[in-house]
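Dear colleague,

Please find below the structure that I am handing over to you. My findings follow directly after it.

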Amino acid sequence: MADILLVLHTGSDGSFSKGALESIATTVDLSSKLGGSFAVGVIGAGAGAAADTIAGCGAEKFYVVEDEAVAAPRYSSDVKAATALIQKAGAQIVLAPGSSRFARCMPGAAYRAGAQIDTHIVALAVEAGVLKAQRWYYRQRILTTLSRAARPWVLLIEGGIQPAWQGAAGVADAESVAVEFTDAELRTTIKGIESPATDAQTIRPDAALLFVAGAGWTKKQADGAYHIRDASNLIQGFLKKAGASLGSSKSLVDLQSDGQETLSFMSHMNQVGQTGTTPRHAKGLSTCCHGEEPHAVGWRFINERRAINMDANCGWAQGKADVVYIANAFEVIAKVNELLG
Amino acid sequence: MCSLALVPADYTQMKINQMENKTMEGLQIVVCGTLVPDPLQTLEPVTTPTGPGLKNETMLPSVLDPWAAHSLYEAANLAKKVPGSKVYLVSLGPKAKLQQLMMTVAQKVPFELVAIDGTAGGFTDAMEVAKTLATAIEAIPGLDKTRLLVFGGCASASRDAGVTMQLIGEQLGITDQFVGVDEISMSDDGSFSVLERIEGGQYLASTCAGAPAVLAWATGSLPEPPNNPQVGMANMRFVMPALQKAQPAAVGVGGINFEKSEVPAQKRATRIVKDVSADVIAAEIVEWIKG
Amino acid sequence: MSTVERMKMEADIVCVGFGPATAGFLTTLTRALLKEDGSPAFESKVMPGMPLQIMCYERADDIGFGVSGVVTKGAFIKASFPDKDLTKEIPNAVAASDEKVAYLFDYLGVSQRDTGTKFVDAVFKGGRFFMGKCPEAAELPWIPPFLRKEGGIVMSIGSFISWVGAELMSSGLVQIWPGTPVSEPVFEGDKVVGVRLVDQGVDLQGNPDPATFMPGMDVHAPLVVVGDGPVGSVGRKLDDHFGLPEGNHQHDWAVGMKAVIELPESCTLKPGTVIHTLGYPEQEIFGFMYVYPDRTASLGIFVPSWFDSPVRTTYTYLQHWMQHPYIWRHIEGGRLRSWGAKSLQESGVRGEPYLTGDGYVRIGEGSGTTNVLTNSGVDEAWHSGVLLAEGVIDLLQRGETFTKANLDATYVRRRREDKLNADLQKAKRARDGFQDGFFKGMMGTGMTGMTNGAMNVSSQSRPPSQRIKTLLETFAGRISEEDLAAAVAQCAKDKQPLHDTLMVLAGWPEIKMDGELLMSHQDVLFKGGKVQAAGGFANHVTFAHPEICRTCKERTCIEICSAQAIMPGEEGEPPEFDREKCIHCGACVWSCSKALPKDPEKSNVLFGAGSGGLHSNEN
C-alpha cells in the first residue's frame, strides 16, 4: 500500500491539464521527502490511456475510474469515484490538483472516506518527519503553516507552485476500480461548457501577462469628458497584441452593475482581489487603479508588477509594485499598442 | 402625497401564513452565511489559547461574507419567482456581532434568521463548522428536503477553503451539488439548470431533476438590493427572537495544528517613474512585456 | 418630486442619528419601557396591543462609524451606568492620567503669526526653563482647572457607541438601523409628523433609475427626536424652517481631524496620557493626543472657522503637526490604523436652535450642548438625551402628547434647571475673543475660565463667509502676486487644490510619504478611514447658486474638504463632488466664503443626507 495517493482527472480531450502535471511534480517531491511510495488514481474519460502518458512518474500503482458516468464533471458521480479511489488505495496522504472539478468533489470524498481536508495548498514541507502544509487565510492576507495528526489527509494543491512534471509515457497497467452509480446519483445532467460571448476578454490562466483595468478608465479625463469608447479600444487592442489576460478592480465592475456607462466586456468574472480571483501570472500591469489592499491581495501570485497611475502616492507606489509610471494610461497604452504593432 | 399603507404587521402575518400553509408548493431556500471583516480593514494574526485569531477581532467592523451575500440575494430573487417559497439565513457567529450585522442585512431582502452563537473566525475547521450548520438546518421546523435548496458562498472571505458547503450537503445527504454558481433557472416542473464557473472564464452548464440540492455561489448577477426599512422591520420580528434563542456552539480548529500565521512582509522597492514622456514609458513597458 | 408615491410606516418615536445624544436618550428610555414583570410599560399608539415602536435611523453604514475619540470627564455618562466600570466594558478605554498642555514652537519658521502670538512665543521660549523640558515646545507648568480631565476617561467614541448600541439592540426594545440616511422632517404646517428617508436607486443628480428606484419612505411618529449632529440634514432643515431664536447664531465651527496610530515599541507614553497642544502648525490650530492601552494613540488637530486663511487643508496641517519634534518623537516608526474627521459646532449654547416644536425635539451637539470653555461635548450631548428621556417618560406616564408645550414643560424645563445649562451659560462667551485672533482668544478663554464666566472678552461675531481672507491677503509678503497668480492658474489647469502648491511656495516643506504614518490623502481615505459608498444615491453636496462658484476665487470648499471629495472641475465651472470619497464631515458648509444672497448667515454649499463614508469604528 502506497503512502501517498495522487488523484487526477482527465480533461474533456482525455489528457491531463498543466495543473495535473504540476501536482505530479509536487507528489514526486513530497514522496521523496517522506521516503515512501505513491500511487496515482485517475478519474474521467480515457483515464487508462491517460495513466499511460504518466507511466514514468514513479508511481508504484495506478488506479482508474473510467465509467461513462464520470466522463463529465458531476458532483454526485465524481464524489463517489474519488471516495472509491481513496478507499481502494488506502493511503494516509491524498493529494489532488485544486481544479474546479476537484475543488467541488474532494471535500465530499474526504467526508465519505472519513478524512481531513485542506485546500489551496501553496507549499508542502517535511520537518522532522512531519508533513506541513502552507495556505492562505482571509483571502491572501494571512499565510499559515499547518499540520494534522489525523489521517487520511486530503490536500488540494494550488496551480503554479511547481513546474509541470515531464517524463516518459509507458504502460501504467492501471487497475480499474469499479464504482456503481445509482439513478439518484445521476439526477444531474451535464449539458456542456459555455464560453462567454466575448472569449478574448476573460481571465486566461495561461497568459504570461495579466492586464488589470481600474475604474479610472471610465472616469472623466483631463479634457473633462468621458472616453469610454477610446478606453475600450485601447484595452481590447492591448489584450490582442500582448496576448494578455484581462482583470479588473472591484470598483470598475461595480460601476457596471450600477448601470453607469462603462466597459461592456467587463464583468465580475474579471474581478481580481478580495472578492474576486487571485490569478497566477508571471507579470502584471495595472492601469488606472489605485492599488488598495483589498485589490492588491488578488495580486499575491503575480511575480513582476508594474502600474500606470496619475497619482505618485497611489497604493502601488507604496511597495506594492516594482515600477509605477506616473502617466496618463490612455497615452501610454496607445503608444504601447503602436509599438507592439 | 399618496401613501401606500403596507404596514409591517400585515407583512408579518403574510409571512406567517406562508409558513403555516403546508399545502403551498414552494422552495425552502436555506442560505448559509455569516460575518467576515469589512474588506478594507487591516488584518493581523494573533495567537489565542484556542488557536490563531485576528487582532481586535471582536472590534473589527464586519460585513456579510460577500459570496454568501450574493447567494442570499439570489435566494430572495428565486423565492420571489417561485410562489410559496421561503428563505432562511443560517448564521454562525458571535451573537452580539450577528445582531449588529443583521441591522444592515435584514434591510436587504426578506428572510428568517437561524442564529448560532459561536465564532465566525476563519481559522476554524470547516468540518466542525459544517457539522454545526447541518445540525441547525435539520432542526428548522417544517423542513422538507424535497423542497430544499441549500445556498451559500463558494468560499468564505475568512477561511476561504471552499469546502464547507459540500460538507453540509454530505451531512444532509444531498448529492446534487454545484460550486461557483453564477446562474440558476427554474422550470415549472421543479427541475433547474445551473451555470458553474470553471477554469479559463468558462461555465459548466448542467440541469438537475430538482430539489434537494446544494448551490455554492460565486457572484451571481444581482446587484446589492437597496436598504428597505419595511423589509427590515418585518425581518426583525424573527431576527430578535432568533438571536435570543441562539444556541452556543463550540466550533474550534478541529485537528489542525497551526504552526505559524503571519502577514508576510511583501513590500517591494518601488521605482517611481515620473516626468517622463508617454513614448519613453511605452517603450520600457513593451521591452518588459517582451523580455 | 412631490408626485412620487411613497410608502409610509408608523412608529411611536423615531430618532435621527445614533450618536452620544441619542444613545443617552435610548439608554435612559429603554430602562423605563418594561414593568417589573417584564410586560411593556407603555402601549404603542400606532400599533395597538404592541409595545412602543421605537426606531432610530443612522446615516453611517454601521453604528460607531461617524464619530471620534475623546478624553472626557464623563461625569454624566458614568452616572448613567452606576454599576459599571466603563474602562472595563468598552474596548481600549482607560482612565485619564498624565495630562499635559504643550505650547509648540514654530521650529520651521513658516507659520503665519501675528504680533500677539509672537509675544506669546517669546514668553514661552523665555519661560521654558521653568517648564517641562521638551523639544521645540514648552509644557505648561500648571493646567487651569476648567481644562483638566482628571478622573475622566480616554476612549474611542466609535467603541463606546458600538457598545451602547449592542446593549440597546439586545434589549429588543429599540431598532437602530444604520446605512439609512434621513433626508428631511415631514411637516404639516409647523408641526413635525415624521421623517422622510432618502431616495435610493437614483443617479447622482437624483433622477430615478426605473429599474431600482425606491422612493425614500415616510416614517410617521408622534415624536421625532433629532440628534443628527451639527451638520445633520434634519436639524438643518428644521433651522431653515424655524430660524434660530433671537440673539443666537452658529458662526463658530471647527473641523477635527484625527488618526488612530499604533505607537512604535520605543514609545514610553503611558495609557491614559492626555496631551493638548497649541501654537503650531498655525497659531489657530490646536492639537491633541490621547494614549490608549496596547500601544495605541488617538491624535489630531482642530482647524477652526476663525482661521481666516482660505487655504486650510486639515490633512496637510495634520501631517505637519505630526512631524513637529514634540509629537514625532513619540510616533516615529508607528503605523496609522484609522483616520477620520468631523465638524464641531463651537458656538455652544449660543448656537442653540429651538429645542422643541409640536412633534419634534432637539438633543445633542446640534442643540447647542457643547461646552466651549472646557472643550467638552460628548458628555453634554449624552446628558441632553438623558434629560429628554426623563421628560418623555414623564409624558408617557401621564398619557400626554408630544406637543411643544408639553415638551417644554418636561424636557426643556429639565434642561434649563440642570447643571448642564449652568455650565453652558458660564462657557457661553469663552471663545468670543478668538473672533479677533489667537492672542485675544487665549486671553478671553482664560478670563472666562478663571472667573467662571463672570468676565469675558468682547468681540463682534461674524459668519465665517464674512471672515475668510482673499488669497492675496493671506499670502501677502510670503508669495509674490505674480507667483500666486501663476500657481493658481496652474492648479486650475491641473485640476488640483491649491494648498500643496501654495504652502510649499510659502515655505512649508513637502511631505515625504512613507506609506505608514505619512501617506497620501487618497491612501488615508482608504487605509485609514476605509471610506466607501454604495451606489444608487444622489450627490449630497451641491451648490445653491453655481454662478457664484464660477466667480469664486478662494474655493475654500475644495481646500477644507477632508477627503478630496470636492475637487476643481472644469476651469470656470463649479467644483466637482465625488460622493464615494465624502466622509460627511460637513466642513464645506461652514468654510464656504460665499454667503447666500438672500441669507448672509448661510453659505452657498448645500449639504444633504448622504450614504456611505467612514468604515472604521476605532475613531
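Between domain 1 of chain A and domain 2 of chain A, 4 residue pairs are in polar contact, with both partners at pLDDT 80 or more. By class, the side of domain 1 of chain A that touches domain 2 of chain A is made up of 3 nonpolar, 3 polar and 3 charged residues. Across this interface of domain 1 and domain 2 of chain A, 0 salt bridges were found. Please bear in mind that the model is predicted.

As to the extent of the two parts, domain 1 of chain A covers residues 4–186 and domain 2 covers 199–340. Their centres, taken over C-alpha atoms, are separated by 35 Å. To the contact, domain 1 of chain A contributes 9 residues and domain 2 of chain A contributes 11 residues.

Together, domain 1 and domain 2 of chain A bury about 830 Å² between them, and 43% of this area lies on carbon and sulfur atoms. On the side of domain 1 of chain A, the most area is lost to domain 2 by A:Arg139, A:Gln140 and A:Arg141, which together account for 67% of what that side buries.

I also examined chain C. Its secondary structure comprises 19 helices and 27 strands. The radius of gyration of chain C is 24 Å, close to the 25 Å given by the globule rule for 619 residues, so chain C is as compact as a globular protein of that length. Along the principal axes, the C-alpha atoms of chain C fill a box of roughly 70 × 55 × 45 Å.

With kind regards

Notes:
Residues numbered from 1 in each chain as written. Chains lettered and ligands numbered in written order. Predicted model: local features only at pLDDT ≥ 70, side-chain atom pairs only at ≥ 80, totals over all residues. Heavy atoms only, no water. Domains from an automatic or database assignment. Contact = heavy atoms within 4.5 Å. Buried area = accessible area lost by both parts, 1.4 Å probe. Salt bridge = Lys/Arg side-chain N within 4 Å of Asp/Glu carboxyl O. Polar contact = N/O pair within 3.5 Å; in protein donor to acceptor, adjacent residues only side chain to side chain. Nonpolar A, V, L, I, M, F, W, Y, C, P; charged D, E, K, R; others polar. Helix = DSSP H or I, 4+ residues; strand = E, 2+ residues; numbered from the N terminus. Rg over C-alpha atoms; globule rule 2.2 N^0.38 Å.
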